[in-house]
Amino acid sequence: MRALREVPGRLDVERVRKDFPILRQEVHGNPLVYLDSAATSQKPRAVIEAVSRYYEQDNANVHRGVHLLSERATQAYEAAREKVQRFVNAAHAHEIVFVRGTTEAINLVAQTYGRTRVRSGDEIVITVMEHHSNIVPWQMLCEEKGAVLRVAPMDDTGTLLVDELERLIGSRTRLLALGHVSNALGTIHPVRRIVEMAHRKNVPVLLDGAQAVPHLAVDVQALGCDFYAFSGHKLFGPSGIGVLYGRSELLEEMPPWQGGGDMISSVTFEKTTYNKLPYKFEAGTPDIAGAIGLGAAIDYVRGVGVDAIAAHEHDLLTYATEALREISGLRLIGTAKEKASVLSFLLGDVHPHDIGTVLDREGIAIRTGHHCAQPLMRRLGVAATARASLALYNRREDVDALVAGLHKVREVFA
Ligand code: PLP
C-alpha cells in the first residue's frame, strides 16, 4: 500500500458519494453512515444502470443463439470477462472463470484440483485468519481424502508468522490457501513473498482476494499466484457473481466440477467431451447480468483510480485508528503494520451486538459477530467483535459519527 500512496491524483469523496444513490437516505431519522463494506459494498449508479440496461435492451441467453439479442448478450458477457482479465492483469481472458463468488471459487478448486491431487496423508496449509470459505472446503476435502489441514499462526497484532508458515510447508503439502487481506482484522499479508516461498517448494498457492480487490491494485502475474478468488458484491458490483482466476496450465489439467449445458463439447450416452477454457467450468446459464454489472463496477473503480482509492482509504484508516484509540475502554483488535480498511474492536464489556444495535439507532451500519472466522475469534480469546469497514465513499465525517455513536454506547451501558 505504501507504494500506491506515492501516486498523485486525489479522490474527490463528495463526488464519489453522488454516484451511490443508496447513501442519500436516512436511517432512524439520521443520515446513513455505511461502515459495513467488508460485508458487502454499495453500488454506483453506473452498475445499477448497466444491469437494468442489459435487462431492458439485450436480455438473451449467451453462447447458443444466432439472433441479435443473444449476440449482444454474449458480447457483453465476454467483454466483462476481458475487463476482469485486465483488472487483475491475467495473461489470458480464458483464465477468468465466472462463479457465484469467492466461496464458490474456492469450492471449485477444492473439488477439482484438490480432489485429483490430494491423497491420504497429504497436507493443505491455511492460516488462522481465514474466512470460513477458505477453511471448510479444505476440511471437507481433507475428510474425504484422509488428508491433513495445517494452520499457520499469527502474533497478537494479527500479523501472520511467515517463518512459521514456511516451516509448515513440506513435501506432503499440496496447496497453500490464504487470504490476501483478512476480513476480520484487515491485515494485508505479504503475499508476493509468500507465493515465492511456496513455489520454491513446488507448492501452488490460492489467494482469497475477497477483501483485497476493493482496496488494492492486484496483479496476479506479479503476485505469481496460481489461483485468485474474489466476489463482485464486495467490489461495488452485483451479488451472485464472482471470479476464479487460475493459471491456464492448472485449469487445463483440472477436471470440470459441475456438469450441464455449455461446459461440454459433445455428449453421447457413452461419453462426454468437455468444452475449452473457461467454459469447462461454467456449467449452465451463468449470471449474465451479474457479469455485466461486475464489468461496469470495474470500469467505475478504474475511473476513480485504484491508486487514488488506496491512498484515500489509507488516510481514512489512519484517521479512524487514531480517533478510536482516544475512546476510553476501546480495544482495537488487529493492529498489524500493513492493514486495509477494517477496524475491529471491543468496547469495555459491552457485547458487540449491543454496540451494533445502539449505532444502528444513530443511522450507523457496522457488523458485529464472528465475521465468519470462528477459529480466529478463538485464537483471539473473544466470541465476537464489532467491525467498522471503510470504502472509497467513506469520509472523515463517517468516522466522527462512529466516534460520537460509540460515546453514546458508553453512556447507555455505563
Ligand atoms: N473470503 C473473505 C476474506 C471474505 O471476507 C468473504 C466474505 O465476507 C468471503 C471469502 C466469502 O465471500 P462470498 O460470501 O462473497 O462468497
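The legends below describe close-up views of a predicted model. Local features need pLDDT of at least 70 and side-chain atom pairs count only at pLDDT 80 or more, while totals for chains, interfaces and linings use all residues. Residues are numbered from 1 along each chain as its sequence is written, and side-chain values use heavy atoms, with hydrogens and water left out.

**View 1. Tyr54 and Tyr55 form a tilted aromatic pair.** A pair of aromatic rings is described by the distance of the centres and the angle of the planes. Rings of Phe, Tyr and Trp (its six-membered ring) pair if their centres lie within 6.5 Å; planes under 30 degrees apart count as stacked, over 60 as edge-to-face and the rest as tilted. By this rule the model has seven aromatic pairs. For Tyr54 and Tyr55 the centres are 5.2 Å apart and the planes stand at 55°, so the pair is tilted. Tyr54 has a relative accessible area of 3% and is therefore buried (under 20% relative accessible area; exposed is over 50%, partly exposed in between; 1.4 Å probe, protein chains only).

**View 2. Tyr113 and Phe227 form an edge-to-face pair.** Their ring centres are 5.5 Å apart, with 70° between the planes. Tyr113 lies in helix H5 (residues 102-117) and Phe227 in strand S9 (residues 227-231), so the pair ties together parts that are 114 residues apart in sequence. Helices (H or I, at least four residues) and strands (E, at least two) are DSSP runs, numbered from the N terminus.

**View 3. Asp36 sits in a loop.** The loop runs between strand S3 (33-34) and helix H3 (45-58). Asp36 is buried, at 5% relative accessible area. Leaving aside residues up to four places away in sequence, Asp36 touches Ala365, Ile366, Arg367, Arg387 and Ser389; contact means heavy atoms within 4.5 Å.

**View 4. Seven strands form an open sheet with mixed pairing.** The strand order is S4-S10-S9-S8-S7-S5-S6, where two strands pair if DSSP finds at least two bridges between them. Strand S4 (96-99) and strand S6 (148-152) each have a single partner strand, so one side of each is left without a neighbour in the sheet. Strand S7 (residues 173-179) and strand S8 (residues 205-208) run parallel and are joined by four bridges. Leu176 has Val205 in S8 as its bridge partner.
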